[in-house]
Amino acid sequence: SPKKQFFPFLTNSLHSSLLTVLSRIPLLSLHGGKMRDLVYYTQTAKFRRRFRRLQHRLPTAFINTIAAISSPPNGEPHPLLILWRYQILDPDSDIVTYWNHVFLLTSILALFIDPLYFFLPLVVAKDLCFSFDHHLAVKITCYRSIADLFFILHIVLKFRTAFVAPNTRVFGRGELVMDSNEIAHRYLRSDFVIDVAAALPLPQIVIWLVIPVARNHTADYANNTLSLIVLIQYIPRMFVIFPLHQRIVKTTGFIVKTAWAGAAYNLVLFILASHVLGATWYLLSFGRQYYCWKTACARENNEGNIGCVNQFLDCKSMVMPERQYWRNVTHVLATCDPLNSNIGFAFGIFAEAFTSEVASSPFVEKYLYCLWWGFKNLSSYAQNLDTSIFLGENVFCIVTCIVGLVLSAQLIGNMQTNLQSMSVRLEEWRIKRRDTEEWMRHRQLPPALAERIRRFVQYKWLATRGVHEESILWSLPQDLRREIQRHLCLSLVRRVPFFSQMDDQLLDAICERLFSSLNTEGTYIVREGDPVNEMLFIIRGQLESSTTNGGRTGFFNSITLRPGDFCGEELLTWALMPTSSLNFPSSTRTVKALTEVEAFALQAEDLKFVALQFKRLQSKRIQHAFRYYSHQWRTWAACLIQVVWRRFKKRKLTKELTRRESPLGANQRGLGATMLASRFAANTRKQKGLHGAETGTSSSLKMPQLFKPDEPNFYTDHDV
């Protein structure tokens, strides 16, 4: 016929045309992930002739599409052809990982769709027949066809996904094979058959093509055929999910990111198992009812009283006069009534489908009841089922019990693990706090000290939530640690006025060596006279910094350090000394936390390393900034100004008294004023020989001596 001659011609013509189109694409070679143009081929006249022959036979849209692909206006090959022929995807790339997650979700939804075919048979008990729900079949076919498209796309994507050569996995990740021929050859030998078996639209073909043209297309025949096809194809669809699940875990390390999502994922799998079990129970209930009717019908035929044929059990035969007569005189309905416990046929666990009127209910009510039946029996391991001696029924209950045990051990166990992982830190902190309480009780610590320990443990938990930041940072490469420290510390360090004078390179070196420090209220950071082993840069909270200048009587200086201030500046002076000793400098101040304090600390060794490596730390600008923001230098400067001022006042008063004691001044003033001035001058000269600062009777004119802080040698190898 013309059609039989046209389709082979059309196939050969399209094949030759596509080959000609592909021949026009420049030959490319993958070298280091880049494509190089080697040579271009011109369009052949053969393609033009064949394309003209097909113009009057093919649709206009198809002709325009082929023309656009084969003959682009700019003379370049179409991007889609280049993408298909030369684009090879990395199996660990983001797009492949994203597709794997999408396809995993689609595969699970497809496993939910397939058992819905088991709900197509309907039981019309009053008419004693079986029917087929065609409206539901149309909806399920649409959903199933959409799911099949994802399976086909997955097959296409696997033809363009590279793989790691097995012989290169000795060390590291291995070498990717980017050759499309090798990829296709490997895929065809491994998973191609299973993927194709999972993607074939077999249920659609059986429902709409095979069953209508079959000789015996009764409801029972359609149900048995469709159920067999669905069960057979359900196996490769499950085998597609298992390697996909392993591939996602191998690539990303997890299926879902959060613990709640992991618990929900395992719960969905348990719901899927319950859904399949409930649908299978409904299908077996339908088969058990049909078997009872068929047996009773055969018994009536053997007795010879009533003529009964299996075709009468299909609702399509209700228009037959013989069927109506048989329905009025038959006893099949009474013999196979599940509500009657005196019948000789044992329905067992399948009687519930008819006593509860599940078989004749609408789809939504029927589905929810079967889903609940699956949940109930899977969670109870089928212990509540009252079975008969029917072999298939007992096998079904045994399988249900085994599946319930496996799912409880695997899925429910995974759900419990995911939910417990959310509170594992809290449980560790609770155990640590209990151990701390037992230790304090055993050592009989004072209540005040024990309360301070409890506040510190509580404050550390609120600040870190039990996460060991140091262990996480040190498990990362040095470059990542540097970037993380820069992200966490740079903006906070710039808030310190002293550090704001430094350039980015120096700040990066300092941020890389900073670590967090937490202190509760009342904690002494350092005491006066103790060695200083770290500098502290305040981020939050307040500190009290006080000094008595080595315990000298009559001297006390106290200031409040706020966010942006720092303490332990003696360590910077020690680090900048070119001939600094191994001993740490002594603290000149006592630093106490007034509130809960969060700060960054810089160890002495790290500060020494930064000072030796970066000579810019010894510049004039940083020297002046250090002197300006250092509270030790501020205290010394304030005391020096006071001493100079008091000396100036003393010299001025002495000069005034000397002028008044002169003969000219005595004649001008009275005798009383002269005697008073002489007595005051005598007392002043008398107090010069006394050590008022040491005896506690110092005059207001004498300021206790405060030595100038040790000044580092800023002039050795510095830059201005």
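Predicted model: local features only at pLDDT ≥ 70, side-chain atom pairs only at ≥ 80, totals over all residues.
Colleague: Is H11 roughly parallel or roughly antiparallel to H16?
Modeller: Helices (H or I, at least four residues) and strands (E, at least two) are DSSP runs, numbered from the N terminus. Axes are lines fitted to C-alpha atoms, for helices over the stretch in contact, and angles run from 0 to 180 degrees between N-to-C directions. Helix H11 (residues 259–303) and helix H16 (residues 391–421) pack at about 165°, with axes 7 Å apart. Angles under 35 degrees count as roughly parallel and over 145 as roughly antiparallel, with 65 to 115 roughly perpendicular and the rest oblique, so H11 to H16 is roughly antiparallel.

Colleague: How many charged residues are in the contact of H11 with H16?
Modeller: Ala, Val, Leu, Ile, Met, Phe, Trp, Tyr, Cys and Pro count as nonpolar, Asp, Glu, Lys and Arg as charged, and the others, Gly among them, as polar. The contact of H11 with H16 has 16 nonpolar residues and seven polar ones. The count of charged residues there is no charged.

Colleague: Which residue in S13 stands opposite Ser 545?
Modeller: Strand S10 (residues 543–547) runs antiparallel to S13, joined by four bridges. Ser 546 stands opposite Thr 590 in S13. Opposite Ser 545 stands Val 591.

Colleague: Which residue in S12 stands opposite Phe 537?
Modeller: The open sheet S7-S14-S9-S12 has four strands with antiparallel pairing. In it, strand S9 (residues 534–540) pairs with S12 over two bridges. Opposite Phe 537 stands Phe 566.

Colleague: How much space lies in the largest cavity?
Modeller: On a 1 Å grid over the protein atoms alone, a cavity is a set of points where a 1.4 Å probe fits but cannot get out, and lining residues have an atom within 4 Å of a point. Grid points are joined across faces, edges and corners, and a volume is the space filled by probe spheres set on the points. There are five cavities of 30 Å³ or more. The largest holds about 80 Å³.

Colleague: Which elements give two or more residues to the lining of the largest cavity?
Modeller: The lining has 13 residues, with Cys 567, Gly 568, Glu 570, Arg 589 and Val 591 nearest the centre. It divides into six nonpolar, four polar and three charged. The elements are strand S12 (566–567) and helix H22 (569–576).

Methods: Residues numbered from 1 in each chain as written. Heavy atoms only, no water. 1 Å grid on protein atoms, 1.4 Å probe; cavity = no way out; pocket = protein on both sides within 12 Å on 5 of 7 lines; lining within 4 Å. Pairing = 2+ DSSP bridges.
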